[in-house]
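Notebook open, model loaded. I'm jotting down what I looked up, in the order I looked.

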Amino acid sequence: MLGGIFSFHSSWKNSQDNYKQKPLRLQCTSLNFRDFQFAQAMLFAIEEINNNTDLLPGITLGYKIYDTCGSIARSARVAMALLNGDEIKASPLKACARSAQVQVIMGETSSSPTTAIAIAIGPFRIPVISHFATCACLSDKTKYPSFLRTIPSDYYQSRALAQLVKYFGWTWIGAVRTNDDYGNNGMSTFIATAEQLGICVEYSISFFRTDPLDKIQNIIEIIKTSTSKVIVTFLSNMDWDVLLHEFSINNLTGYQWVGTEGWISDSQLAAMDTNHILDGAIGLSIPKALVSGIEKFMFNVKPLNSSNGVLFRELWEALFSCKFNKSSSAAIQKECTGKEDLTGVENSFTDMSLMPIFNNVYKGVYAVAHALHDILNCNKTCDKNIQLDSLTILQHLLRIHFKTKEGEDVYFNENGDPPAKYEIINWQPRERDTVVFISVGIYDASLPEDKQLNVQNMSLIWAKNSLQVPVSVCSETCPYGTHKVLKKGKPACCYDCVRCTEGEMSNNTDSTTCLKCLPEFWSNEGRDSCIKKEELFLSYEEIMGVLLTTASLFGTCMTAVVAAIFFRHRKTPLVRANNSELSFLLLFSLTLCFLCSLTFIGQPSEWSCMLRHTAFGITFVLCTSCVLGKTIVVLMAFKATIPGKNVTKWFGPAQQRVSVLGFTLIQVIICILWLTISPPFPIKNFKEFKDKIVLECNLGSTLGFWSVLGYIGLLAMLCFIFAFLARKLPDNFNEAKLITFSMLIFCAVWITFIPAYVSSPGKFSVAVEIFAILASSFGLLICIFIPKCYIMLLKPEINTKKNMMGKGSQKRF
């Protein structure tokens, strides 16, 4: 014996109890054609099994069905009545004359009544199989140990809906749910999954169909004042019957509705939507199914007349808008004969769009039959002596695995749930205010997570139906080069797009952070990529490099010209009197000084970094050593004129060469130590400029650098002092004055060089160093040699031995 619990009515009349008499029996109202269809599906499966000689041969299935009127309390009451075999006056459809304890209960259609039934029946381990109760809470075997269902749990549907919403880029949504187990649990799972996927819920409203009108008006006001354009719903078709009427009155159009299997494929709801509130709705539905023969059985409801005349008459009068036992007060209605033909009637009872649910009922009955077949050891006959008990039936139900006559696999997992698979349904409007339900994809929870959702190109479908793909976001997508900054007090989907700072980039939309560029790169103007930083160094191609190179080469050429003039006039008294050997050595060192400035130009490398500073140090020491030798020669020549003072022998040509070599050798030793211990090396300076790289030479040992520079300065100071002491010698020996001026320029240049070098950024510090080299070299060349060249070329009459001996006129130049 199978028990059935269905809501043949969806509501009841409220009565006021006065506590003076017994409360009136529940008076059911609002005939629910859908549950009549579900009951018919159960009867069809039972009849088919009873006529099948292969399944349960010799065993007949009976049934006992009750109406709950949509009341949770009544659901629990009739469940206990089925359990105990007691009769209650609640319009049972009795297939057997005697009452009997049922082995399995089929039903209920909604989650909350089913929860009440499962709690009441659970301790007795009597299986309860539902065809449409989807609440994920019912998978908890500790609370509902005997519950099974042939429809997937909302745990999967909620996650599938969240993935569907994410697929279309809707990150800012509203939510409306039924205020029962189905709506509250389903929406809770959906919101939790949606938040993990980066979807924000602007509002979540609960509703029950018995709520007062002001509650519905409040829902409408919330929807109208919100900014989200997509609304996810966990509602039953009975809730929509109430809501849709009020939504139409308030013209609540322009929203994208996302629905569950509870209403998304309900043709009766689509027929009610004359104001196109739900046009373009999308959601999840139980996959299409076909149960051959059931449609013909559905239309044959006359057997109900033999089992329950009252219920049959109520159904028949609703189907054909007629009345049995017509009275004079019902003159406007025709009289029912009971022989009317259903084939010409169009209403929700004759609508076969709920075939997938009929299939769920059908599979549930067959699951019981297969479990009994196994328990009774049925082959050609069944062992009728085996005593059936509810726990054994439950255990076998959890283990069954069979195929229906249509080839569909039927089995339950450890939680009593079937495999989760859904069709994605889209409401597409057609001519004459009709809507068709188009399958646009599937969701299969048994596949890998990245392949579970498979949606067709919805943008083409919307365009085909003159609809636009809706956009529902709290904040627009942040473009490349920006990152999201959350608005204070707002959900994570509400943010401002802030441009990345310098040196950072983002090449993704809606980036949460900007990525810092590598040290050698810098963000471009759009802040969407990192480009290689410009490398700064003093090159030959730029104007400054060209000018300094020109000056260096000009100084070299000028020195060569002076050397040529001196060489041509090497036998003249002026050249011979000014120590021609040191003069030529000085000119050679000046040439090296001019040329060494070229090593500072160009991209630094290991060899150029080591060469530029050591070459500069050695050539300048050679230069200052020559100047120092010339200064000492002048002083010695003056001292030699004093009687009894033969000092020239102490500083003759040999001593001059040794002194120059000695002074230079000291600098060479300093440079060798510098290059050995910590030589200069090329570096990339990222600190000088944010968006540029300065290629420069690191000094390595700063002590080595300043030792080289300090030694040059020491020799220069000695030259200046000795030249200063010789400044009052006769004009014939005025080379001392020229050396004084040249050393004055030399020292001034290098004293000012130090702060200028330290404070100059990047390549300008190199330019300052080159300028100091060139300026001091030009100072020596011009001050010491140009006056002599002037005499040799333009005043040859002065260039005589007599004049050099002081016998000519004084103050020649």
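Entry 1: Q37. Is Q37 buried or exposed? I get a relative accessible area of 1% for Q37, so Q37 is buried (buried is under 20% relative accessible area, exposed over 50%, partly exposed in between, with a 1.4 Å probe and protein chains only). Before going on, a note on the source: this is a predicted model, where local features need pLDDT of at least 70, side-chain atom pairs count only at pLDDT 80 or more, and totals for chains, interfaces and linings use all residues. Residues are numbered from 1 along each chain as its sequence is written, and side-chain values use heavy atoms, with hydrogens and water left out.

I find Q37 in helix α1 (helices are DSSP runs of H or I with at least four residues, strands are runs of E with at least two, both numbered from the N terminus). Skipping residues up to four places away in sequence, I list M298, S348, F349, T350, D351, M352, L354 and F358 as touching Q37 (contact means heavy atoms within 4.5 Å).

Entry 2: whole chain. I count 23 helices and 29 strands in the protein chain. Of its 813 residues, 52% count as buried. I also checked contacts between residues at least 6 apart in sequence: 67% of them join residues at least 24 apart.

Entry 3: α1 against α12. The axes of α1 and α12 come within 8 Å and cross at roughly 40 degrees (axes are lines fitted to C-alpha atoms, for helices over the stretch in contact, and angles run from 0 to 180 degrees between N-to-C directions). On the α1 side the contact includes Q37, F38, A41 and M42, and on the α12 side it includes F358, V361 and Y362. I sort the residues of this contact into 14 nonpolar, 1 polar and 1 charged (Ala, Val, Leu, Ile, Met, Phe, Trp, Tyr, Cys and Pro are nonpolar, Asp, Glu, Lys and Arg charged, and the others, Gly among them, polar).

Entry 4: cores. The largest nonpolar core has 69 residues, and M42, L56 and F358 have the most contacts inside it (a nonpolar core is a set of buried Ala, Val, Leu, Ile, Met, Phe, Trp, Tyr and Cys residues joined through side-chain atoms within 4.5 Å). α12 gives the most to this core, with 13 residues. I also find a second, separate core of 67 residues, with L538, C626, I632 and A775 among them.

Entry 5: α15 against α17. The axes of α15 (residues 543-568) and α17 (residues 580-596) come within 8 Å and cross at roughly 165 degrees. That makes α15 roughly antiparallel to α17 (over 145 degrees counts as roughly antiparallel). I note this crossing of α15 and α17 as left-handed. The contact of α15 with α17 splits into 9 nonpolar, 6 polar and no charged residues.

Entry 6: D510. I find D510 in the loop between β23 (504-505) and β24 (515-516). With a relative accessible area of 26%, D510 is partly exposed. E476 is 34 residues from D510 along the chain, and their C-alpha atoms are separated by 8.9 Å. Leaving out residues up to four places away in sequence, I have D510 touching E476, T477, C478, K484 and Y495.

Key
Angles under 35 degrees count as roughly parallel, over 145 as roughly antiparallel, 65 to 115 as roughly perpendicular and the rest as oblique. A crossing is left-handed if the near helix is turned anticlockwise from the far one by less than a right angle, and right-handed if clockwise.
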